[in-house]
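Subject: Structure handover

Hello,

Here is the structure for you to look through. Please open it first, then read my notes below.

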Amino acid sequence: MKEYILNLEKEFSLIENGFKEEEKRALADYLSNDNAYTKELAFLAFKSNVYQVRMYSVFLFGHLSSYEEILVFMRDEVSKDDNWRVQEVLAKAFDEFCKQTGYEKSLPVIDEWLQNTNPNVRRAVTEGLRIWTSRPYFKDNPDEAIKRIATLKEDSSEYVRKSVGNALRDICKKFPELIKIELDSWKLESKEIKQVYKLASKFIK
């Protein structure tokens, strides 16, 4: 297993952009091994100094996220990784969890992550589920998506606020009237909320 990870480090360290290769390899390894082996592989790969290998490991965690210990590790440990690309994959891994579990059944976890003190955890939800209203459950219940995203309209992290504004703007393309109702209820008093409003209102006439 260690030798396999060394080979991944050599191979993946040559990849400078994107995530498709890491994603493809993670899926292939997940499908061709039992979960106990894949768990061990994912945890070992996450210790790598090569961020592309950590990206690969987080894709594996996404496939394994029905295990409570994996989901907790994603929330509490993966979210601390200082590489922004790893955080992009955390968002994708969280969406994979929701897809496997069912988006409606995932609501308690979605709500819990949205309230987490770490901005990377909050953003994993707002970014990972984009476009929210293309996802099952939220497609038929856009209000449920809007009200959850909007709770972070004055988030302390600019990184999160940009994701919030963009996520609301996504929804505005299909549901402009709902976004308008939401935005009209905001008090535009802080620079934080003004930033999100500007992004979210782009398609409102």
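**What I found**

Glutamate 192 is partly exposed, because its relative accessibility is 22%. Here buried means under 20% relative accessible area, exposed means over 50%, and partly exposed is in between (1.4 Å probe, protein chains only). Glutamate 192 forms a salt bridge with lysine 191, with the closest N and O atoms 3.1 Å apart. A salt bridge is a side-chain nitrogen of Lys or Arg within 4 Å of a carboxyl oxygen of Asp or Glu. Lysine 191 counts as exposed, at 63% relative accessibility.

Before you go on, two notes on the source. This is a predicted model: local features need pLDDT of at least 70, side-chain atom pairs count only at pLDDT 80 or more, and totals for chains, interfaces and linings use all residues. Residues are numbered from 1 along each chain as its sequence is written, and side-chain values use heavy atoms, with hydrogens and water left out.

**Salt bridges**

How many salt bridges does a search of the whole structure find? The search finds 20. Shared partners join Glu88, Arg123, Glu127, Arg130 and Asp170 into one network of salt bridges.

Two other pairs deserve a look. Aspartate 95 and arginine 135 form a salt bridge, their closest N and O atoms being 3.0 Å apart. Aspartate 95 lies in helix 6 and arginine 135 in the loop between helix 8 and helix 9, so the pair ties together parts 40 residues apart in sequence. Helices (H or I, at least four residues) are DSSP runs, numbered from the N terminus. Both aspartate 95 and arginine 135 are buried.

Next, arginine 148 meets aspartate 111 in a salt bridge of 2.6 Å, N to O. This pair links distant parts of the chain: arginine 148 is in helix 9 and aspartate 111 in helix 7, 37 residues apart. Arginine 148 is buried, at 10% relative accessibility. Aspartate 111 is partly exposed, at 25% relative accessible area.

**Buried charges without a salt bridge**

Aspartate 29 sits in helix 2 (residues 20–32). Aspartate 29 is buried yet has no salt bridge. Its nearest side chain of opposite charge is arginine 25, 5.3 Å away. For charge, Lys and Arg count as positive and Asp and Glu as negative; His and the chain ends are not counted. What does the side chain of aspartate 29 join in a polar contact? The partner is the side chain of tyrosine 4, at 2.6 Å. A polar contact is a pair of N or O atoms within 3.5 Å; within protein, one must be able to donate a hydrogen and the other to accept it, and residues adjacent in sequence count only if both atoms are side-chain atoms.

Arginine 169, in helix 10, is also buried and has no salt bridge. The nearest side chain of opposite charge is aspartate 170, 5.3 Å away. Leaving aside neighbours within four places in sequence, arginine 169 is in contact (heavy atoms within 4.5 Å) with Leu199, Ala200, Lys202 and Phe203.

**The core**

In soluble globular proteins, nonpolar side chains tend to be buried together. A nonpolar core is a set of buried Ala, Val, Leu, Ile, Met, Phe, Trp, Tyr and Cys residues joined through side-chain atoms within 4.5 Å. The largest nonpolar core here has 62 residues. Ile110, Trp113 and Trp132 have the most contacts inside it. Helix 4 (residues 51–63) gives the most to this core, with eight residues. Tryptophan 113 has contacts beyond four places in sequence, including Leu71, Met74, Phe94 and Val125.

Is helix 8 (residues 119–128) mostly covered or mostly uncovered? Helix 8 is mostly covered, with nine of its 10 residues buried. Its buried residues pack against helix 5 (68–76), helix 6 (84–101), helix 7 (107–114) and helix 10 (158–172). At the start of helix 8, a side-chain oxygen of asparagine 118 reaches to within 2.8 Å of the backbone nitrogen of asparagine 120.

The loop between helix 8 and helix 9 (142–150) holds isoleucine 131. A cis peptide bond joins arginine 130 to isoleucine 131, with omega about -10 degrees. Tyrosine 137 is in this loop too. Tyrosine 137 is not a glycine, yet its phi is positive, about 70 degrees. Tyrosine 137 is buried, with a relative accessible area of 17%.

Best wishes

Key
Helices (H or I, at least four residues) and strands (E, at least two) are DSSP runs, numbered from the N terminus.
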